[in-house]
Amino acid sequence: MITFRDVTKTYEDGTTAVRDFSLDIYKGEFFVLIGPSGCGKTTMLKMINRLHTVSDGDILIDGKSINEHNIHELRWNIGYVLQQIALFPHMTIEENIAIVPELKAWKKEDIKKRVDELLELVGLDPSIYKNRKPSELSGGQQQRVGVARALAADPPIILMDEPFSALDPLSREQLQQDFLKLKEKIQKTIVFVTHDMKEALTLGDRICLMKDGEMVQVGTAEEFLKHPKNDFVKSFIGRKQSVFHLMLEDVVQELTWVEGVESAVAIDGQSTLADALELLQVHDAVTVTGANRTIGVLTRQNVLQFLYKRNLEGGTVA
């Protein structure tokens, strides 16, 4: 879907933000760019919709160079969500969401229908919110409107630049959980920038950790937690010791229990967390059994939450 081919970005002052970067982001993938401040992750994002120009190399969307696209059409077909959502203050929520469909000359009735659909999708009742102004909404509600606006013209690609980082911790965690559900419904290719490893592990199908404009490691959350490439990756995750040898009968006592989730795949409580992670590569959920009864259900989500909590507490490394 999106291909970075030997991409370098050097600014006029001589600063090289990204150097010789090659990467494939797949259709329908939630792809996270993460790294310390100044590592080039936001520059990477902004080169996709040509807010920043590529100095060398090329970026392709569906095999076609972004430089071959009309710049306005390129941006209309890429949704963009920022940390500071920048809704137009004197326009209603409906008018804010309708901007790109209007630019694309949609019919008025189609735009109204789309606005209602999207507000419902992001958890805001259109009868209550569409005629309000941005100042009448909380920060979390404004971010939901920002997501709705990015989806308005049904673009295949969504770019998100630290969209939740300005929110309070409770609002941020709620939006992360809601977005996990939303991403399954919208089926878009999403490129998401964050500096928060927990957020990356929670949301990303794959993660790219950057340092000094270069790729350090790309992989799934499980691959980062289980096989960090080097000490920089380990330190960025915050991991000090391995927990993968722990028996599942001990692990499930600390897991968030998942109501209503069933699994035909079972694993004995005497098995290790590493064994369970292998099964979770191919199954959505795994039942942990002991003494002829179910003692827990593992999902990718609750295992990652457990691992990250242990990392922060300084748990054990393999």
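This is a predicted model: local features need pLDDT of at least 70, side-chain atom pairs count only at pLDDT 80 or more; totals for chains, interfaces and linings use all residues.

Modeller: What follows treats the nonpolar core, then a glutamate, and then a sheet.

The largest nonpolar core comprises 69 residues. Within this core, the residues with the most contacts are Ile97, Leu273, Leu298 and Leu307. Leaving aside residues up to four places away in sequence, Leu307 is in contact with Leu225, Val243, Phe244, Leu273 and Leu277. Another core, of 27 residues, lies apart from the largest one and includes Val18, Phe21, Phe31 and Met44.

Leu277 is also touched by Glu222, a residue of helix α10, which spans residues 221–226. The relative accessible area of Glu222 is 6%; because this is under 20%, the residue counts as buried. Besides Leu277, Glu222 touches His227, Gln281 and Arg300, again not counting residues up to four places away in sequence.

Turning to the strands, β11, β12 and β13 form an open sheet of 3 strands in the order β11-β12-β13, with mixed pairing. From one strand to the next, the twist averages 35°. The pairing of β11 with β12 (residues 285–290) is parallel and extends over 3 bridges. For Asp268, the bridge partner in β12 is Thr289.

Notes. Residues are numbered from 1 along each chain as its sequence is written. Side-chain values use heavy atoms; hydrogens and water are left out. A nonpolar core is a set of buried Ala, Val, Leu, Ile, Met, Phe, Trp, Tyr and Cys residues joined through side-chain atoms within 4.5 Å. Buried means under 20% relative accessible area, exposed over 50%, partly exposed in between (1.4 Å probe, protein chains only). Contact means heavy atoms within 4.5 Å. Helices (H or I, at least four residues) and strands (E, at least two) are DSSP runs, numbered from the N terminus. Two strands pair if DSSP finds at least two bridges between them. Axes are lines fitted to C-alpha atoms, for helices over the stretch in contact, and angles run from 0 to 180 degrees between N-to-C directions.
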